[in-house]
Amino acid sequence: MDVIGDYDMKGIVERTSCDSLSNSQGFYLSHLAVIRSYKTTSRLRIVFDGSAHEDGHSSLYQSLYKVPNFHTNILELLLRFRENPVKFTADVKSAFLQIELDLVILP
């Protein structure tokens, strides 16, 4: 399957021209393709580089609001999971591709 075409169809990415990049106030995320020839499915994986930036500008990672680490100890998580009779799980495949950010660039 065409990975970029699939992202385009789902509205995760949008097509643009190189001419529109210089006049834009938007942020374009650098990416590269990782080809895994040993895989039979999903041979192509797109890797986004949130740390890329132009000289004198912040990267996407540097622009994000910093919050405390909310990842709990795995043992604590498993013990709490057993406390209630009802459990919820979710498949978070491509979850981070669905996040939309409104960036405000401060002087």
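User: Which residue does aspartate 6 form a salt bridge with?
Analyst: Aspartate 6 pairs with lysine 10, and their closest N and O atoms are 3.3 Å apart. A salt bridge here is a side-chain nitrogen of Lys or Arg within 4 Å of a carboxyl oxygen of Asp or Glu. Keep in mind that this is a predicted model: local features need pLDDT of at least 70, side-chain atom pairs count only at pLDDT 80 or more, and totals for chains, interfaces and linings use all residues. Residues are numbered from 1 along each chain as its sequence is written, and side-chain values use heavy atoms, with hydrogens and water left out.

User: Where do aspartate 6 and lysine 10 lie?
Analyst: Both are in helix H1, four residues apart, which is about one turn of the helix. Helices (H or I, at least four residues) and strands (E, at least two) are DSSP runs, numbered from the N terminus.

User: Is aspartate 6 buried or exposed?
Analyst: Aspartate 6 counts as buried because its relative accessibility is 14%. The cut-offs are under 20% relative accessible area for buried, over 50% for exposed, and partly exposed in between (1.4 Å probe, protein chains only).

User: OK, and which residues of H1 are buried?
Analyst: In H1, residues 3–10, they are Val3, Asp6 and Tyr7. Seen down the helix axis, these buried residues fall within an arc of 100°, so they line one face of H1. That arc is taken from the directions from the helix axis to the C-beta atoms.

User: What do they pack against?
Analyst: The buried residues of H1 pack against strand S2, residues 44–49. Just after H1, glycine 11 has a positive phi of about 80°.

User: Switching topic: how many aromatic pairs does the structure hold?
Analyst: One. Tyrosine 7 and phenylalanine 48 are stacked, at 6.5 Å centre to centre with 25° between the planes. Rings of Phe, Tyr and Trp (its six-membered ring) pair if their centres lie within 6.5 Å; planes under 30 degrees apart are stacked, over 60 edge-to-face, and the rest tilted.

User: Which elements hold the two residues of that pair?
Analyst: Tyrosine 7 is in helix H1 and phenylalanine 48 in strand S2, 41 residues apart, so the pair links distant parts of the chain. Tyrosine 7 is buried at 13% relative accessibility, whereas phenylalanine 48 is partly exposed at 27%.

User: What about valine 34, what does it touch?
Analyst: Leaving out residues up to four places away in sequence, valine 34 touches Arg43, Leu44, Arg45 and Val47; contact means heavy atoms within 4.5 Å. Valine 34 sits in strand S1, residues 30–35. The C-alpha atoms of valine 34 and arginine 45, 11 residues apart along the chain, are separated by 5.1 Å.

User: Back to salt bridges: how many are there in the whole structure?
Analyst: Two. Besides the aspartate 6 and lysine 10 bridge, arginine 80 forms one with glutamate 76, with closest N and O atoms 3.7 Å apart. Arginine 80 and glutamate 76 are four residues apart in helix H4, so about one helical turn separates them.

User: And how exposed are those two, arginine 80 and glutamate 76?
Analyst: Arginine 80 is partly exposed at 37%, and glutamate 76 is partly exposed at 40%.

User: Last one: in what order do the elements of the chain run?
Analyst: From the N terminus on, α-α-β-β-α-α, with four helices and two strands. Buried residues make up 7% of the 107 residues in the chain.
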